[in-house]
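Q: Please show me how to read this model, one feature at a time.

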Amino acid sequence: EDDTHPNIDTPSLFKWRHEARVQRMEDMKKKKESVEEEKRKVEAKLKEVKERVKKEEQDGGDELTELKKTLEEMEKSAEEVQKKRLEIMREEKSQPLNVDTLSKPGFSKSIINKSAPKTEELSEEEKEKRMKTFVKQNEKLIKEYGMLQKFDDSKKFLLDGRTHLACDETANYLVIWCLDLEMEEKHDLMSHVAHQCICMQYLLELAKQLETDPRACISSFFTKIQVADQDYKDAFYSELDAFKKRIQKRAEEKIAEAMEEERLERLGPGGLDPVEVFESLPESMKECFEKQDIPMLQQIIKEMPEEDAR
């Protein structure tokens, strides 16, 4: 069967290379959607029961005891759902970030009637172990490469005894570094490193299409990118811009996830957030809590309407 490959003149920057990783991401997505749906149902039911309890208290009905029991059960269900959400967030957070999780194909493709180059088959655990070892041995060099900008400087740096950096591990590290920089609000530096990440990915994709070692493509790529036609250069910078936008979006998501995780860890009985509860209090009551003045708090509660005090 024919294999679909990006056109060599306009190489596809990113492709899903590992089916196992893609499947894992899909499974995580389904788990998140499932727990969010469960959360919506529980919250809707909890709201309904609370309203019924409030109405029953006002009317002095005889179903109050049973409704309060139901309310307690729903609050426990809400807490369980929150725990599930927190566990999923932690699981997702523990998954390693890499080129595959932050990349999308962005260029035209052509059909080439030949087999794809053979690659070494490694398990996910073996890949992660290899990545850690590579980074431990080469982190300083990768960062030096990431701080370069001119094509000629990058070519000279890699060819000067550092051709081993032309690999997926370097590309993956640069993606993670870009994300860290964006989360630290170092936007200009992220943009700078992103350029080097795109260069590395173009180089790797070119090597893949030529079915050769990436180290053999270093000189040809950095020479070609400078003398290429305008379409090729436009495609390069278009993908660079798209990559930076994906980094920015993912950074925003990770910051939001961290804030949500922190909020979930604060939750008290009934799934209430102490910070949100405090912010909803009248200023006079906030002052009591801040000063830890219990007599003053008791006095304020006495002076409040009974319904508000509850």
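A: Start with Ser154, which sits in helix H4. Helices (H or I, at least four residues) and strands (E, at least two) are DSSP runs, numbered from the N terminus. The model is predicted, so local features need pLDDT of at least 70 and side-chain atom pairs pLDDT 80 or more, whereas totals for chains, interfaces and linings use all residues. Residues are numbered from 1 along each chain as its sequence is written, and side-chain values use heavy atoms, with hydrogens and water left out.

Q: Is Ser154 buried or exposed?
A: The terms rest on relative accessible area: buried is under 20%, exposed over 50%, and partly exposed in between (1.4 Å probe, protein chains only). Ser154 has a relative accessibility of 0%, so it counts as buried. Over the protein chain of 310 residues, 36% count as buried.

Q: Which residues is Ser154 in contact with, leaving aside its neighbours within four places in sequence?
A: Contact means heavy atoms within 4.5 Å. Beyond those neighbours, Ser154 is in contact with Tyr145, Leu148, Gln196 and Phe222. Phe222, with residues up to four places away in sequence not counted, touches Tyr145, Phe151, Ser154, Lys155, Leu158, Cys199 and Leu203.

Q: How many helices and strands does the protein chain have?
A: It has 12 helices and two strands. Along the sequence they follow the pattern β-α-α-β-α-α-α-α-α-α-α-α-α-α. Among contacts in the protein chain with a separation of 6 or more, 74% join residues 24 or more positions apart.

Q: Which residues touch the most other members of the largest nonpolar core?
A: In soluble globular proteins, nonpolar side chains tend to be buried together. A nonpolar core is a set of buried Ala, Val, Leu, Ile, Met, Phe, Trp, Tyr and Cys residues joined through side-chain atoms within 4.5 Å. Here the largest such core has 44 residues, and Tyr145, Leu158, Phe221, Phe222, Phe236 and Phe243 touch the most other members. Two or more residues each come from H3 (124-146), H4 (151-159), H5 (168-183), H6 (187-210), H7 (218-227) and H8 (230-266). H6 gives the largest share, 12 residues. Another core lies apart from this one; it has 12 residues, including Val35, Leu46, Leu71 and Ala78.

Q: At what angle do H4 and H7 pack?
A: Two packed helices are described by the angle between their axes and the distance between the axes. Axes are lines fitted to C-alpha atoms, for helices over the stretch in contact, and angles run from 0 to 180 degrees between N-to-C directions. H4 and H7 pack at about 175 degrees, with axes 9 Å apart. H4 is therefore roughly antiparallel to H7, where the classes are under 35 degrees for roughly parallel, over 145 for roughly antiparallel, 65 to 115 for roughly perpendicular and oblique for the rest. Phe151, Asp152, Ser154, Lys155, Leu158 and Leu159 of H4 meet Ile218, Ser219, Phe222, Thr223, Ile225 and Gln226 of H7. The contact of H4 with H7 has six nonpolar, four polar and two charged residues; Ala, Val, Leu, Ile, Met, Phe, Trp, Tyr, Cys and Pro count as nonpolar, Asp, Glu, Lys and Arg as charged, and the others, Gly among them, as polar.

Q: Which residues of H6 and H7 make the contact?
A: The axes of H6 and H7 come within 10 Å and cross at roughly 120 degrees. That angle makes H6 oblique to H7. Cys199, Tyr202, Leu203 and Leu206 of H6 make the contact with Ile218, Ser220, Phe221 and Phe222 of H7. By class, the residues of the H6 contact with H7 are seven nonpolar, one polar and no charged.

Q: How far apart are the axes of H3 and H4?
A: Their axes are 10 Å apart, at an angle of about 160 degrees. H3 and H4 are therefore roughly antiparallel to each other. Leu141, Glu144 and Tyr145 of H3 make the contact with Ser154, Phe157 and Leu158 of H4.

Q: Where is Glu185 placed?
A: Glu185 is in the loop between H5 and H6. Most residues other than glycine have a negative phi. Glu185 has a positive phi of about 65 degrees although it is not a glycine. Its relative accessibility is 61%, so Glu185 counts as exposed. Glu211, in the loop between H6 and H7, also has a positive phi, near 55 degrees. Glu211 is partly exposed, with a relative accessible area of 40%.
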